[in-house]
Structure formats: C-alpha cells, structure tokens
Amino acid sequence: MEALMDRFFLGNKVWDWLIALGMMILGIALVKIARHLLMGKIKKWAEKTKTSFDDFVVTIVEKSVLPFLAILCIYWSLQWLDNPPKPHWEEVAMLLVTTYFILLTLTAAVQYFAMSFLKTQEDGATKQKQARGLLIILKFVIWAMGIMFLLDNLGYNISTIIAGLGIGGIAIALAAQTILGDLFSYFVILFDRPFEIDDFIVVDDLAGVVEYIGVKTTRIRTLSGEQLICSNKNLTDSRIHNFKRMERRRVVLSIGVTYQTPADVLASIPPMVKKIISLQSNVFYDRGHFSGF
C-alpha cells in the first residue's frame with residue numbers, strides 16, 4: 001500500500017493527489033453547508049426587513065461569493081501538488097474566474113443602485129423602464145474595461161489593442177452613423193424626456209401609447225391595435241404632441257343666430273353661456289364675443 005502511495009502520477013505522488021482531493025471535497029462541502037444552513041437563516045431574516053439592500057447582498061453572496069469560494073477551494077487544493085513552474089495554468093484560470101465574478105458583482109451593484117435611485121424619483125417605475133437601455137451600455141463598458149484589465153494582467157500590451165480599437169472605432173462609427181444617431185437620440189429621450197412610457201403621443205399622422213423605449217427604437221401601440229416601431233432619431237426630429245401632459249383642452253364653440261337678432265340679445269348671449277358652463281364641474285369658461293356675420 002505504501003508503495004502504491006509513493007508512485008508518481010502526472011508529476012505528483014498518489015498520496016499528494018489524495019490529499020488534494022480531500023482538501024477539495026472538504027472545502028466544497030463546507031461551502032455547500034454554508035449555502036444550505038447559514039444562507040437559509042439569512043434569507044429568512046432579510047425577508048422580514050423593510051430595506052431591499054440586505055436582499056441584494058444575500059443575492060450577491062449566493063450567486064457570486066459562494067461559487068467563487070468553491071472554485072477557490074479547488075485552486076487551494078491544487079497548490080498542494082508540485083506543478084511545473086510554467087505555465088501556471090491554474091493561476092490563469094483563477095485570474096479568469098476572479099475577474100468574472102468581480103465584474104458580475106460590479107454590474108449587479110450598478111444596476112441595483114441605479115434602479116434604487118430611480119425608484120425614489122417621481123414616476124420611478126417609468127424611469128426604471130426607460131433606463132434599461134442605458135444599463136446595457138454601462139454593463140458593456142464595465143465588461144470591456146474588465147477584459148482590458150484581464151489582458152494587461154496576462155501580459156498582453158493593451159496600448160496596442162486600445163490603439164487598434166480606436167482606429168476600428170472610427171471606421172465603425174462612419175459605417176454605423178444611423179445606429180449612433182439613434183443611440184444619441186435615446187440619450188436625448190432619456191434625459192430631456194419629451195415623452196415617457198405610457199404617454200399618449202401624436203407624431204405626424206400617427207398616434208398611440210408609448211410601450212417601450214429602447215437604445216435604437218421606440219415602440220408605440222396605435223389606436224387601431226398594432227405596434228408601431230419608430231427609430232429614436234426619427235422621433236426626436238419630429239414634432240411630438242404629448243397628450244398625457246395636457247392639463248387643459250381648449251374647445252371653441254360657435255353659436256349661430258339669425259340676422260334679425262337685436263343687439264341687446266347678442267350682448268346677453270356670452271353671459272348666458274358663461275353661466276351655463278360655470279355650473280359644470282371641471283369646465284372653465286374662457287371668453288365669448290361676437291365673431292362675425
């Protein structure tokens with residue numbers, strides 16, 4: 001038995017492989033126990049609190065921290081083995097995993113804090129829907145920066161990559177002017193807010209309720225029932241009538257009388273109309289006058 005344990009397998013003794021395997025199983029078992037026992041109690045406690053921050057922390061721990069700890073146990077167990085000095089494949093793999101979970105946590109935190117801030121604003125639910133496209137762009141930027149950081153730590157010259165991306169970006173920008181125009185129009189809609197989700201708008205000869213505002217297009221449910229998809233640039237370049245923000249609707253009524261009507265009767269018509277309208281609720285009388293023959 002001792003001779004078997006002293007045999008070498010893939011550059012390491014069988015005994016060392018067994019120790020590493022035992023450390024790996026023990027570490028993963030501890031993580032599993034923490035997930036089922038400790039996290040269960042923390043979840044129940046978080047559900048009783050009024051704030052949502054503890055729920056966010058619990059979610060991050062469950063989806064990012066615990067899986068990372070399980071992978072970290074595998075990495076630590078492999079350190080027991082006598083690996084060749086180069087290449088350190090386990091270190092590269094650990095760097096990839098660490099970067100992935102950090103970016104995953106960072107994007108989740110950005111989304112949580114952004115949505116929590118918008119929720120406290122006026123029409124928070126509507127603003128949360130509108131900000132989804134912006135969050136996609138922010139996530140893309142975070143992941144792009146994270147990948148650059150990863151490549152730099154792996155020994156690649158990122159200055160050359162950035163220079164190449166700069167030249168490529170100019171070419172892409174020239175080739176995708178329409179898409180970039182819609183993207184900038186999306187920011188105009190998001191920050192200037194000419195209309196929002198659930199607003200009833202009229203654009204040229206088309207009318208409907210705004211259902212979705214995306215990075216490139218806005219979707220409108222028309223009065224006839226179909227969904228109208230418009231580019232953001234087309235909307236910002238058009239004259240938009242936003243009826244949801246209309247506080248009052250002005251209606252002009254013309255009353256016709258015969259030519260034989262005496263002047264004193266004509267003069268008494270505006271006060272009569274004003275008295276009739278004033279008796280109605282949520283209706284205001286503006287003015288009345290003789291219009292013409």
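Two strands count as paired if DSSP finds at least two bridges between them. Strands here are DSSP runs of E, at least two residues long; helices are runs of H or I, at least four residues long; both are numbered from the N terminus.

This is a predicted model, where local features need pLDDT of at least 70 and totals for linings use all residues. Residues are numbered from 1 along each chain.

Q: What makes β3 and β4 a pair?
A: Pairing needs at least two bridges. Strand β3 (residues 200-203) and strand β4 (residues 206-213) share four, in the antiparallel sense. V203 stands opposite L206 in β4.

Q: In what order do the strands of the open sheet run?
A: The order is β6-β5-β4-β3-β7, with antiparallel pairing. The edge strands, β6 (227-231) and β7 (240-242), each pair on one side only.

Q: Why is S77 called buried?
A: Buried means under 20% relative accessible area (1.4 Å probe, protein chains only). S77 has 0% relative accessibility, so S77 counts as buried. S77 sits in helix α3 (residues 53-78).

Q: How do you know which residues S77 is in contact with, leaving aside neighbours within four places in sequence?
A: Contact means heavy atoms within 4.5 Å. By that rule, S77 is in contact with A20, M23 and M24. The C-alpha atoms of S77 and G22 are separated by 8.2 Å, and these residues lie 55 apart along the chain.

Technical notes
Predicted model: local features only at pLDDT ≥ 70, side-chain atom pairs only at ≥ 80, totals over all residues. Heavy atoms only, no water. Buried < 20%, exposed > 50% of the residue type's maximum accessible area, 1.4 Å probe, protein only.
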